[in-house]
Amino acid sequence: METLDDLFLRLEQLNEIGASLSSERNLNLLLEKILLAAKSITRADGGTLYLLSEDRQHLHFEIVRTNSLGIAFGGSSDQPTSGNFPDLALYRGDGTPNDSMVAAYAAITGRTVNIADAYTADGFDFSGTRKFDERTGYRSQSFLTVPMKNHEGEIIGVLQLINALDPQRRVVEFSQADQRLAESLASQAAIALTNRQLVQQLETLFEAFIKLINLAIDEKSPYTGGHCQRVPELTMMLAEAAEATSEGPLADFKLTDSERYELRIAALLHDCGKVTTPVHVVDKATKLQTIYDRINLIDTRFEVIKRDAEMRKWRSIAEGKDAVEAEAIYRGFCLQCDVDRSVLRQANIGSENMSDEDIARVKSIGAGYRWRNVDGDEVAFLTDDELENLTIRSGTLTQSEREIINHHIVATIRMLEQLPWPKHLKNVPEYAGGHHERMDGTGYPKGLKRDQMSWQARMMGIADIFEALTAKDRPYKEGIKLSEALGILENMCNNCHIDPALHEVFVHGGVFRKYAEGFMAVSQIDC
């Protein structure tokens, strides 16, 4: 017979278990803890934890443990329950309750079932249990089946314990004390489980909203949607490599599960401000593109001045000029127009480094022709705006357009700072808002220096840069080779633009290679 001291010891154990359950964030590990705790306080050899399906028609095997047989399915084991244990139907095909199955009976009625010996018990079908025993040599005897009710009194699962053991390891009946303890634990566990499920559902909903924002950016511009998905992947790769570092400034860098989740959320939201950026700037594939590519207007102007040249030819011939000479002048002019048009078309593409000679040539073409506009006025061949765009030295954006693009980070910070972040996500605005800062304080929007930034924000800066360099879906350029991207990153490290310790981890920790294999084209990987 159990002594009072033993009972107090088990009650104390129950309290400790309750505190432990409330702190577990991982749902699978929580389920495992519940079953192991129940087995421990009732001294059961085996046990199963079932969860009720969403349609409330089945019980699903979540965790299965039998010590003497070394059986472990679900939870932290590498053996899944799915495929090994079919769901247990609560109702038969005709709609009647499947109450001959003890676990189903507990789920349907909400009552605990305590059976001394399954082989002699009446009213329940243990044929499946007997087959299991025949196959394994086990002897399933005492059963304690407890429904798990949440704070609203709803059944959410069933806890089933098998073969209570006395101090001499003999199978005995589950006592009334065992039953009360198991029922108390099941109640605590159901509340902890419901809370964890609610938190998980809220997190899932929250992440769905984030994906909705990124989808909006993707629909607005296919050139940034992929970026919003790849930067988080690269950020987490770098964080993982930083945690594995045992030397240098990052030797003590470690992230809890909450901090890792916080970083991922920040990475997913790092460009949410781009929803405010005009689409013709985000998608500017060529220098003259706005809502459409204005290079076609220049093509039309060339045709207009060719037509004017042809009119001059015929007028000069009518006035007595030699026809052959007039035709030669006209043909030469048209040929030069075609050459100059090709120059402007090439300039419009947007190279990484437009030379001084190329810029001078564009300006010369702009000054070398005149044409009559729709009002009949003779005007410069290129407008000031067209000339500014066509002489952009690198890329396709003017300075004012770059400022519009850069404003997205200001918008990101403003948007994120408006949200009532819970404690475990309070750093999201800082992490997401710092990926355009530089270690020497020349970045934007706040001009922060290295020691004013968290490791996480610095990680996102590297991830953002490397993804942009290697992305193969940009409108104005192809993704560069891996070796070239690494060279640019090294120069940025030497110029104090990115964190040197993280750059060291990124390169020597093999982060760049892991990312390249997962997200870059094979043709880009040259080292």
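A residue counts as buried when its relative accessible area is under 20%. Arg458 has a relative accessible area of 9%, so Arg458 is buried. This is a predicted model.

Arg458 sits in helix 15, which covers residues 455-470. Which residues does Arg458 touch, not counting residues up to four places away in sequence? They are Met439, Arg450, Met453, Asp499 and Leu502.

## Helix 15 against helix 7

Two packed helices are described by the angle between their axes and the distance between the axes. Helix 7 spans residues 257-268. Helix 7 and helix 15 pack at an angle of about 40 degrees. Their axes are 11 Å apart. The two helices are therefore oblique to each other. Their crossing is right-handed.

Helix 7 brings Leu263, Ala266 and Ala267 to this contact. Helix 15 brings Gln456, Met459 and Met460. Of the residues in the contact of helix 7 with helix 15, five are nonpolar, one is polar and none is charged.

## Leu234 in helix 6

Helix 6 runs over residues 222-243 and holds Leu234. Is Leu234 buried or exposed? Its relative accessibility is 0%, so Leu234 counts as buried.

Leu234 is in contact with Ala463, Phe466, Glu467, Phe506, Val511 and Tyr515, leaving aside neighbours within four places in sequence.

## Helix 10 against helix 11

Helix 10 covers residues 323-349, and helix 11 covers residues 356-368. They pack at an angle of about 130 degrees, with axes 10 Å apart. That angle makes helix 10 oblique to helix 11. Helix 10 passes helix 11 in a left-handed crossing.

Which residues meet here? From helix 10 come Gln336, Val339, Asp340, Val343, Leu344 and Ala347. From helix 11 come Arg361, Val362 and Ile365. The residues of this contact of helix 10 with helix 11 divide into six nonpolar, one polar and two charged.

## Aromatic pairs

How many aromatic pairs does the count give? The count comes to 14 aromatic pairs. Phe73 lies in strand 3 (residues 71-73), while Phe85 lies in the loop between strand 3 and strand 4 (88-89). The pair therefore ties together parts that are twelve residues apart in sequence. Phe73 counts as buried at 16% relative accessibility. Phe85 counts as partly exposed at 22%.

Phe333 and Tyr369 also pair. Their ring centres are 6.0 Å apart and their planes stand at 75 degrees, so this pair is edge-to-face. Phe333 lies in helix 10, and Tyr369 lies in the loop between helix 11 and strand 9 (370-372). This pair therefore ties together parts that are 36 residues apart in sequence. Phe333 counts as partly exposed at 23% relative accessibility. Tyr369 counts as buried at 7%.

## An aromatic cluster

Which residues form one aromatic cluster? Tyr50, Phe61, Phe73 and Phe85 do.

Key: Residues numbered from 1 in each chain as written. Predicted model: local features only at pLDDT ≥ 70, side-chain atom pairs only at ≥ 80, totals over all residues. Heavy atoms only, no water. Axes fitted to C-alpha atoms, helices over the stretch in contact; angles between N-to-C directions. Helix = DSSP H or I, 4+ residues; strand = E, 2+ residues; numbered from the N terminus. Parallel < 35°, antiparallel > 145°, perpendicular 65-115°, else oblique. Left-handed = near helix turned anticlockwise from the far one by under 90°. Contact = heavy atoms within 4.5 Å. Nonpolar A, V, L, I, M, F, W, Y, C, P; charged D, E, K, R; others polar. Buried < 20%, exposed > 50% of the residue type's maximum accessible area, 1.4 Å probe, protein only. Phe/Tyr/Trp six-rings, centres within 6.5 Å; stacked < 30°, edge-to-face > 60°.
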